[in-house]
Amino acid sequence: MEPDAIFLVPHTHYDAIGAFNKEYSFYINTDLILKNAVDLAKKTAYYKFTIEQTFLLEYVENNHLNLFSQIRDLIKKDKIEIASGQYLLADTMIPHGEVLIREITERKKYMKYKFAEDVVVGWGPMSLGLTRSGHRS
């Protein structure tokens, strides 16, 4: 009998409305997280990383072309995966469901065009509007 396997997949979360300004958030996600994740993915056999928002990929493409190229190569090697493919994580509390579907559909086109990949993983780890079932104060 083979032992059970546990997979932990690290990811970055670009929080457009978080505690930091836009530039500092890009610095954290690009210089402190993505560059190190790319290095680990290139050096480590079983390391895999997830990027959840294409907004961050567009920033990297426009400002760090070498890093973008490395990410593209690692996506092809299945070492980096794009989850949800959304531009930013959706605020699921306000928009109509059609808006959410349209955003995913349009960003999937972006992924096909830029990376020749189809986004097949849904992702919503911290979307606004999600409730916490069973939460007690």
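**Reading salt bridges**

Mentor: Lysine 114 and glutamate 61 join their side chains in a salt bridge, 2.8 Å from N to O. The term means a side-chain nitrogen of Lys or Arg within 4 Å of a carboxyl oxygen of Asp or Glu. This pair links distant parts of the chain: lysine 114 lies in helix α4 and glutamate 61 in helix α2, 53 residues apart. Helices (H or I, at least four residues) and strands (E, at least two) are DSSP runs, numbered from the N terminus.

Mentor: The model is predicted: local features need pLDDT of at least 70, side-chain atom pairs count only at pLDDT 80 or more, and totals for chains, interfaces and linings use all residues. Residues are numbered from 1 along each chain as its sequence is written, and side-chain values use heavy atoms, leaving out hydrogens and water.

Trainee: Is glutamate 61 buried or exposed?

Mentor: Buried means under 20% relative accessible area, exposed over 50%, partly exposed in between (1.4 Å probe, protein chains only). Glutamate 61 is buried at 19%. Lysine 114 is partly exposed at 23%.

Trainee: Which residue forms a salt bridge with aspartate 78?

Mentor: Side chains of opposite charge can pair when their charged atoms come close. Here the partner is lysine 48, with the closest N and O atoms 3.2 Å apart. Aspartate 78 sits in the loop between α3 and β3, lysine 48 in the loop between α1 and β2. A network of salt bridges links Lys48, Asp78 and Glu81.

Trainee: How many salt bridges does the structure hold?

Mentor: It holds 7.
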